[in-house]
Amino acid sequence: VLVGNQLADEVRKAFYARIFLSYRKKDRALAQQLMALIHEDPQLRDVAIWYDEFLTPGESFRENIARAMQSSKMMALLVTPNLLEMPGGKPNFVMAEEYPAAKRMGIEVLPAEMVKTDRGALCEKYGELPPCVDPRAGELGERLADTLCRVAVLGNDTDPEHNFLIGLAYLEGIDVETDRERGL
């Protein structure tokens, strides 16, 4: 299926909510695992997940991130010990920019602990951090669904056009990871 800009915009509008996925570049493989875990939950099929793979080359990195955060209902924060690193003694990008921006914008943050990380150190560097969920223990889908139900409206599952557009999103990788089986 060839998807032009106009159809891609319609596909993007079909999602009932967007999640901004914040993580350290070192954890890209874990970020992709987390996205797959989120979309395994049938309640979360219609949730778009933005992560830096969707940045447009040649455009401002910071402006794209700010725009993605503004259109998101929540932030999924991928938690590993890498989140605590301070390269050259300075806070990493998530610590210095993304997390504080989410707090300022009032975006709900859901930390997903993919690798066991020192809670005390997390709280020290990421003040007011909510309790982490273990995505592999099944609590992620429940907490995400609860949070997203508070901030988004569901109810498009029986609309054929909506389902077609969500299918295209998965086939083409528009605001979600490409998943041919789910798309079909």
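Does Asn 82 count as buried or exposed, and why?

Modeller: This is a predicted model, in which local features need pLDDT of at least 70 and side-chain atom pairs count only at pLDDT 80 or more, while totals for chains, interfaces and linings use all residues. Residues are numbered from 1 along each chain as its sequence is written, and side-chain values use heavy atoms, with hydrogens and water left out.

Asn 82 counts as buried because its relative accessibility is 18%; buried means under 20% relative accessible area, exposed over 50%, and partly exposed in between, with a 1.4 Å probe and protein chains only. Asn 82 is located in the loop between β3 and α4. Here helices (H or I, at least four residues) and strands (E, at least two) are DSSP runs, numbered from the N terminus. Leaving aside neighbours within four places in sequence, Asn 82 is in contact (heavy atoms within 4.5 Å) with Arg 24, Lys 26, Asp 27 and Asn 92.

The buried residues of α3 (residues 61–70) are Asn 64, Ile 65, Ala 68 and Met 69. They lie on the same side of α3, because they cover an arc of only 130 degrees around the axis; the arc is that of the directions from the helix axis to the C-beta atoms. These buried residues pack against β1, β2, β3 and α4 (93–105). On the other side of α3, Arg 62, Glu 63 and Gln 70 are exposed.

A nonpolar core is a set of buried Ala, Val, Leu, Ile, Met, Phe, Trp, Tyr and Cys residues joined through side-chain atoms within 4.5 Å. The largest has 23 residues, and those with the most contacts inside it include Ile 19, Leu 34, Leu 78 and Leu 140. Two or more residues each come from β1 (17–22), α2 (28–40), β2 (47–50), β3 (74–79), β4 (108–113) and α6 (139–151). Helix α2 gives the most, with five residues.

Not counting residues up to four places away in sequence, Leu 140 touches Leu 34, Leu 37, Ile 38, Leu 110, Ala 112, Val 133, Asp 134 and Pro 135.
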